[in-house]
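Work through the exercises below with the sequence and the 3D view at hand. Each task is followed by its solution.

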Amino acid sequence: MMNRTGMERRSFAVYFESFGCQMNVFDTSVIESALEKEGFESVPEPQRADVILVNTCSVREHAEQRAIGRINDLSRHTGACLLYTSDA
């Protein structure tokens with residue numbers, strides 16, 4: 001795949017997780033669609049990912065605490081870049 005400057009670029013595999021309300025699920029799907037248009041590939045499990053994106057709701061404390069716990073679990077995938085997003 002070519003990047004915007006016409007140079008060859010590597011496709012990255014991305015794993016997504018969403019915590020919180022339905023809006024967070026929607027936001028995650030929007031991010032996923034945008035990244036797929038740029039050549040990123042969505043993967044079903046974190047072990048196959050180059051990038052792990054966790055999206056949560058900071059308004060719902062329980063969701064944020066679950067996401068933080070999950071991030072600790074996901075951090076063992078040392079080869080992946082771990083990203084955390086929130087709606088606040």
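Buried means under 20% relative accessible area, exposed means over 50%, and partly exposed lies in between (1.4 Å probe, protein chains only). This is a predicted model, in which local features need pLDDT of at least 70 and side-chain atom pairs count only at pLDDT 80 or more, while totals for chains, interfaces and linings use all residues. Residues are numbered from 1 along each chain as its sequence is written, and side-chain values use heavy atoms, with hydrogens and water left out.

**Exercise 1.** Classify Cys-57 and Cys-81 by accessibility.

Solution. Take Cys-81: its relative accessibility is 41%, so it counts as partly exposed. Cys-57, at 4%, counts as buried.

**Exercise 2.** State how many disulfides the structure holds.

Solution. A disulfide is a pair of cysteine sulfur atoms within 2.5 Å. For Cys-57, the closest cysteine sulfur is that of Cys-21, at 4.8 Å, which is too far for a bond. The count for the structure is 0.

**Exercise 3.** Find the salt bridges and describe their partners.

Solution. A salt bridge needs a side-chain nitrogen of Lys or Arg within 4 Å of a carboxyl oxygen of Asp or Glu. The structure holds 2. In one, Arg-70 pairs with Glu-17, with 2.7 Å between the closest N and O atoms. Arg-70 belongs to helix H2 (residues 61–74) and Glu-17 to strand S1 (residues 13–18), so the pair ties together parts 53 residues apart in sequence. Helices (H or I, at least four residues) and strands (E, at least two) are DSSP runs, numbered from the N terminus. Glu-17 is buried at 11%, and Arg-70 is partly exposed at 22%.

Glu-45 and Arg-48 form a salt bridge at 3.1 Å, N to O. Glu-45 is partly exposed at 29%, as is Arg-48 at 46%.
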